[in-house]
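Please keep the sequence and the model in view while reading.

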Amino acid sequence: MTSSDRAVLTRDGLDALIATLAADGYRVYGPTVRDGAIVYDDIAGVADLPAGWTDEQDAGSYRLKRRDDDALFGYVVGPHSWKKYLHPPRRRLWRAAKTEEALTFTAEPEPAERFAFIGVRSCEIAAMAIQDKVFAVGDYADPQYRARRDGAFVVAVNCGEAGGTCFCVSMKTGPHVMSGFDLSLTEIERGDLPVYLIEAGSDAGRDLLARLPCRPVEANDITAADAAVAHAAAQMGRTLETDGIRDLLVNNPDHPRWDEVAARCLTCGNCTMVCPTCFCTTTEDSSDLDGGGAERTQRWDSCFTLDFSYIHGGSVRSSSKARYRQWMTHKLATWWDQFDTSGCVGCGRCITWCPVGIDITEEARAIRSDLTRETKP
Ligand code: SF4
Ligand code: SF4
């Protein structure tokens, strides 16, 4: 990394970053406070960011709390992930129109809008890379996803603290952003207001950085940034032992723990909706009342719905046990067979937003510890 790749921004400089992205034609999204949570939405400047807020998270629990400083990124992740922009919850695939002369089908055009994402965490960049393997490569790549992803400008943020349900260190996805970003920020304390160590990770990032009002980096900026990330890494709320986890889950479909978790699971699908890597969808057709047109829509679905595994006469996974086991085994085990990666990045959202507090790390630990106990002499 050269000195032109790295600088320090003040809060005004961060405002200039957002304004420059907007002036360059990006629609800028970032974290903002709404309805008692930090969610991603349109932002126009630093004033829209969650200054002075943090989140307290545990299994089935999420609360916003005031911080005793003015940090802009002093929280971890909320219920939203960036997949809502790259892989939207609902989108039209095509529309058909019928006239007396002809029936025409028109595919939904590729989106022209380019997005800039402000505040993308390391685990979320890992999640984007996982969804790329699903949507952006191979014979069945989705051109709409590809267009959104190719047009996206990613401003990452290194975590300065971890949440109560985070386990990115176990999944080797964070908290330090290593790749997959255009610019990265590390919030560091300096006087009354924090400043931001900014680093370029792409040519587009380098070009934009050259146009921002910044000051050169000093040695103590780097020390402070490294200390902030080390603090987050040392503070993980959860851990997950990943050694041999594929075989552990694949070889134990009848473990009694699946019955225990099924007795608690509501099959609500919250865990799949908040997960940044879950990608399953269904399609719905609708027609105009006058018979002149019809359209096909794709929307997010979940392996926790009964209809998701419905095939000619019944659902393959009719019990909550079968559905929870499918979800967790796919995430942590068979995703490796399918995509050569884990399906989990350790963001902790499924733990926080599960209404009954089911914890994927605890379920994996329970199965592993029972088996370890059984095999001891
Ligand atoms: S594990 Fe929790 S969030 Fe997921 S379906 Fe079951 S009750 Fe809902
Ligand atoms: S399975 Fe849970 S912890 Fe893992 S990526 Fe999905 S929401 Fe995050």
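## A buried threonine and its surroundings

T361 has a relative accessibility of 0% and therefore counts as buried. The model described here is a predicted one. T361 belongs to helix 13, which spans residues 360–375. Its side chain forms a polar contact with the side chain of D359, at 2.6 Å. When neighbours within four places in sequence are set aside, T361 is in contact with F167, R238, T239, L240 and I351.

## Two further buried helix residues

V274 is part of helix 10, residues 270–274. With a relative accessible area of 9%, V274 is buried, because buried means under 20%. Which residues does V274 touch, not counting those up to four places away in sequence? They are P79, S81, R349, C350 and W353.

Q144 is located in helix 4, residues 143–150. Its relative accessibility is 7%, so Q144 counts as buried. A polar atom of the Q144 side chain lies 3.2 Å from the backbone oxygen of E108. Residues up to four places away in sequence not being counted, Q144 touches R91, R92, E108, P109 and P111. From C-alpha to C-alpha, Q144 and H87 are 8.6 Å apart in space, and they are 57 residues apart in sequence.

## The packing of two helices

Two packed helices are described by the angle between their axes and the distance between the axes. Helix 9 (residues 257–264) packs with helix 11 (residues 320–339) at an angle of about 110°, and their axes are 8 Å apart. Helix 9 is therefore roughly perpendicular to helix 11, because angles of 65 to 115 degrees fall in that class. On the side of helix 9, the contact is made by W258, D259, V261 and A262. Helix 11 contributes S320, K321, Y324, R325, M328 and T329. By class, this contact of helix 9 with helix 11 has five nonpolar, two polar and three charged residues.

## Backbone features in loops

Most residues other than glycine have a negative phi, and most peptide bonds are trans.

The peptide bond from G174 to P175 is cis, with omega near 5°. P175 lies in the loop between helix 5 (168–171) and strand 10 (183–188).

## Cysteines

A disulfide is a covalent bond between the sulfur atoms of two cysteines. How many disulfides does a search of the whole structure find? The search finds zero.

Note on methods
Residues are numbered from 1 along each chain as its sequence is written. Chains are lettered from A and ligands numbered from 1 in the order in which they are written. This is a predicted model: local features need pLDDT of at least 70, side-chain atom pairs count only at pLDDT 80 or more; totals for chains, interfaces and linings use all residues. Side-chain values use heavy atoms; hydrogens and water are left out. A disulfide is a pair of cysteine sulfur atoms within 2.5 Å. Axes are lines fitted to C-alpha atoms, for helices over the stretch in contact, and angles run from 0 to 180 degrees between N-to-C directions. Helices (H or I, at least four residues) and strands (E, at least two) are DSSP runs, numbered from the N terminus. Angles under 35 degrees count as roughly parallel, over 145 as roughly antiparallel, 65 to 115 as roughly perpendicular and the rest as oblique. Contact means heavy atoms within 4.5 Å. Ala, Val, Leu, Ile, Met, Phe, Trp, Tyr, Cys and Pro count as nonpolar, Asp, Glu, Lys and Arg as charged, and the others, Gly among them, as polar. Buried means under 20% relative accessible area, exposed over 50%, partly exposed in between (1.4 Å probe, protein chains only). A polar contact is a pair of N or O atoms within 3.5 Å; within protein, one must be able to donate a hydrogen and the other to accept it, and residues adjacent in sequence count only if both atoms are side-chain atoms.
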